[in-house]
Amino acid sequence: MTDITKQAFAPARAFMSDDLLQVFYRLAAALLICLALAILSDSFLNLGNILNVLRQASLLFFIASGLTLVVLTAGLDLSVGANVALSACLAGTVIHQTGSPALGVLAALATGGIIGLLNGLMVTALRIPSFIATYGMLWVLNGLTYWYMAGEIIHGFPAAFRQIGSGYLFGLPIPVYLLLIFLSIGTIFAQRTIWGQEIYAIGANPVAARLSGIPLSRRLLLVYAVSGTMAGLASIIFLARLNSAEADIGESLTLPAIAAVLIGGTSLFGGVGTVFGTFVGALILTLVLNGMNLLSVNASWQPLVTGVIVILAVWLDIKARRRGE
Amino acid sequence: MSVRETIYAGLTVLAAATIATAAWADGETIAVFTKNQTNPYFQAVRVGADAAAKALNAKTLHYIPTKPDSIPEQLSQIEDVVVKKPDAIVFTPVDYKAMVPGVEKINAANIPVVNITDRSAAGKFVSFVGADDYSLGLETARYLLKTLGGKGNIVIIEGVKGSLTNVDRVRGFNDALKENPGTKLLASQPGNYQRLQALQVMENLIESHPQIDGVLASNDAMAMGAIEALEGANRTALVIGINGTKEAVDAINSGKLLASGDYNGFLQGCVGTTIAIRSLRKEPVVPEIVLKPTVVTKANYQSYETPIESRACPTWDDATKLGAK
């Protein structure tokens with residue numbers, strides 16, 4: 001690494017403490033929701049319920065964690081939900097045809113990864129803005145999935161495969177282990193590796209990043225490929241938990257994933273945010289739904305309550321930080 | 001996908017607004033409007049419409065929004081079809097109120113139109129063919145409550161709040177519960193017709209309610225999601241869904257699902273298209289056929305195992321006996 005690159009990283013380092021502070025406040029918001037739910041509902045603090053929340057948050061986190069890297073570069077990946085749907089349907093077919101869960105997992109990761117690479121190529125080689133490239137990809141993927149599935153549902157997978165989604169190991173659900181593993185990998189990659197730091201630098205100032213010798217295209221290609229592969233991973237968890245694949249599963253996943261990234265404190269302008277923050281964002285969204293179910297909030301009010309709590313959580317955080325400064 | 005069908009998909013995102021399927025026969029052209037490409041129910045409607053058209057030597061042209069249930073897309077498809085002037089239209093509104101201006105355009109163009117599935121709030125129709133969501137919900141719930149011996153703790157998983165089908169189905173569920181004072185409604189929570197959301201709702205409710213005996217789900221996908229949650233928690237409860245999808249029939253066969261109310265898309269597509277063609281040929285038609293509710297159970301599921309592609313439409317005499325008023 002040259003001296004110039006080292007200098008370019010200096011500002012990125014300075015973001016770190018800010019990021020940590022932000023994550024701390026968001027975590028406080030999540031804990032506040034937990035506290036309120038613990039007071040209002042007897043069953044909230046049950047071990048079973050806490051594991052439920054973590055397992056439910058894991059699916060959202062897998063999609064949102066890869067997306068976080070994209071948003072850190074000031075990009076966006078709108079195709080993640082459609083990616084999950086197509087990857088799940090293809091992996092489901094592979095498992096049905098070959099009887100091999102391993103090949104199914106490979107198919108899902110490969111489909112997700114290739115879609116991500118194509119997104120990355122559109123953004124780097126064709127210079128199409130990421131919002132438009134991935135929005136177009138969203139429609140292409142939906143079209144392929146609808147055509148491929150033709151209104152059918154693929155269902156019924158081997159018990160061994162379904163363990164990935166619904167199994168337990170030493171009392172903890174398997175998706176929670178995966179959550180912890182990918183949370184660690186994501187955090188170490190973003191915070192502790194040169195590639196991770198370069199991604200922050202690209203988001204903070206792409207011109208400075210290029211001048212300091214960061215291979216912009218290759219790093220962007222990487223983040224879109226990671227985002228796509230994580231969507232592929234999410235599709236495996238989805239398949240294994242739901243025991244079925246259908247064409248319309250993607251739409252209800254995309255916006256919550258983007259929301260988890262932003263609620264977690266990652267800036268749409270790039271350069272600021274953490275993977276751990278995204279985990280907290282996914283946790284907040286999951287907690288709200290869990291709480292409303294436990295408290296039997298009337299179905300008519302649930303969208304409104306969700307909206308108000310999300311806005312309140314982020315507003316409290318901004319207010320607290322301003323006071324802190 | 002049937003060999004008979006040729007799919008012309010648009011090449012660009014904008015041109016992808018319509019997917020048209022043409023059958024080979026000659027004779028009258030019937031434009032068939034359905035809500036989406038993802039729900040197996042509407043696939044059954046299209047197969048039924050094609051079967052009726054083939055039997056009567058007419059052809060169908062399918063109009064399906066690329067974005068599921070999109071109001072603006074169906075409106076623009078109506079504008080398109082009014083110019084193309086098919087001989088008749090078989091119409092499912094994506095929204096029974098919002099599509100009224102579209103129906104008025106069809107009426108103004110003097111194209112005869114048969115309304116199927118969701119009853120339009122206004123407009124002139126040759127006939128209406130549909131299932132009664134209320135009695136379907138009522139009968140299917142009654143079957144579950146009867147199996148439970150008229151007592152037990154019940155959970156309702158609702159579909160999309162405010163959708164016509166869901167309002168009536170849930171009303172049917174609740175009226176069946178009122179007939180059985182020995183039952184207790186623990187919670188009525190939204191799953192938005194989505195499998196994943198129903199699974200998560202059920203996981204949460206399992207935590208707050210130690211004893212759940214019966215689950216009434218507004219559609220089959222949510223019923224299957226609830227079953228996955230129950231299995232994951234090693235709990236058992238009787239579960240019913242609505243729509244009579246192939247997946248539900250398989251689950252009834254294997255004993256996982258107790259019953260499913262048959263919404264009978266194939267029959268609705270058949271009879272709606274038959275009426276459209278008969279009215280063009282100046283043959284007598286009936287103003288309304290509301291199918292009597294049929295509950296698919298362990299006792300009668302065999303007749304539902306025939307794939308819809310190889311089913312035949314009923315004769316006109318039989319069709320008028322299905323519930324004509």
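Domain bounds here come from an automatic or database domain assignment. This is a predicted model: local features need pLDDT of at least 70, side-chain atom pairs count only at pLDDT 80 or more, and totals for chains, interfaces and linings use all residues. Residues are numbered from 1 along each chain as its sequence is written, while chains are lettered from A and ligands numbered from 1 in the order in which they are written.

**Stop 1: the domains of chain B**

Select residues 6–125, 264–292 and 313–320 of chain B: together they form domain 1. Now colour 133–262, which is domain 2 of chain B. The C-alpha centres of these two domains of chain B lie 31 Å apart. Their contact takes five residues from domain 1 and six residues from domain 2. Two residues are in contact if their C-beta atoms, placed from the backbone, lie within 7 Å. On the domain 1 side, the touching residues are three nonpolar, one polar and one charged. For these classes, Ala, Val, Leu, Ile, Met, Phe, Trp, Tyr, Cys and Pro count as nonpolar, Asp, Glu, Lys and Arg as charged, and the others, Gly among them, as polar.

**Stop 2: strand S5 of chain B**

Stay in chain B and select strand S5, residues 88–91. Helices (H or I, at least four residues) and strands (E, at least two) are DSSP runs, numbered from the N terminus. B:Ala88 and B:Val90 point one way from S5(B), B:Ile89 and B:Phe91 the other way, and all are buried. A residue is buried if 20 or more other C-beta atoms lie within 10 Å of its own, exposed if 12 or fewer, and partly exposed in between; C-beta atoms are placed from the backbone.

Two strands pair if DSSP finds at least two bridges between them. B:Phe33 stands opposite B:Phe91. From S5(B) the chain crosses through helix H3 of chain B, residues 100–108, to S6(B), in a right-handed β-α-β crossover. Right-handed means that, with the strands pointing away from the viewer, the path from the first strand over the helix to the second runs clockwise.

**Stop 3: two positive phi angles**

Most residues other than glycine have a negative phi. B:Asp69 has a positive phi near 60°. Find B:Asp69 in the loop between strand S4 (59–63) and helix H2 (71–84) of chain B. B:Asp69 is partly exposed, with 16 other C-beta atoms within 10 Å.

Jump to A:Ser296, whose phi is also positive, about 50°. A:Ser296 sits in the loop between helix H12 (275–294) and helix H13 (302–324) of chain A. A:Ser296 is partly exposed, with 16 other C-beta atoms within 10 Å.

**Stop 4: where the chains meet**

Show both chains. Their contact takes 35 residues from chain B and 35 residues from chain A. On the chain B side, select H6(B): its 10 residues are the largest share. By class, this side has 15 nonpolar, 13 polar and seven charged residues.

**Stop 5: confidence in chain A**

The mean for chain A is 89, and 93% of its residues reach 70 or more. Confidence is highest in helix H4 (residues 101–124) of chain A, at a mean of 97, and lowest in helix H1 (residues 3–40) of chain A, at 70. Over residues 1–8 of chain A the pLDDT is below 50. Where pLDDT is low, the predicted coordinates should not be read in detail.

Terms used
pLDDT is the predictor's confidence in each residue, from 0 to 100.
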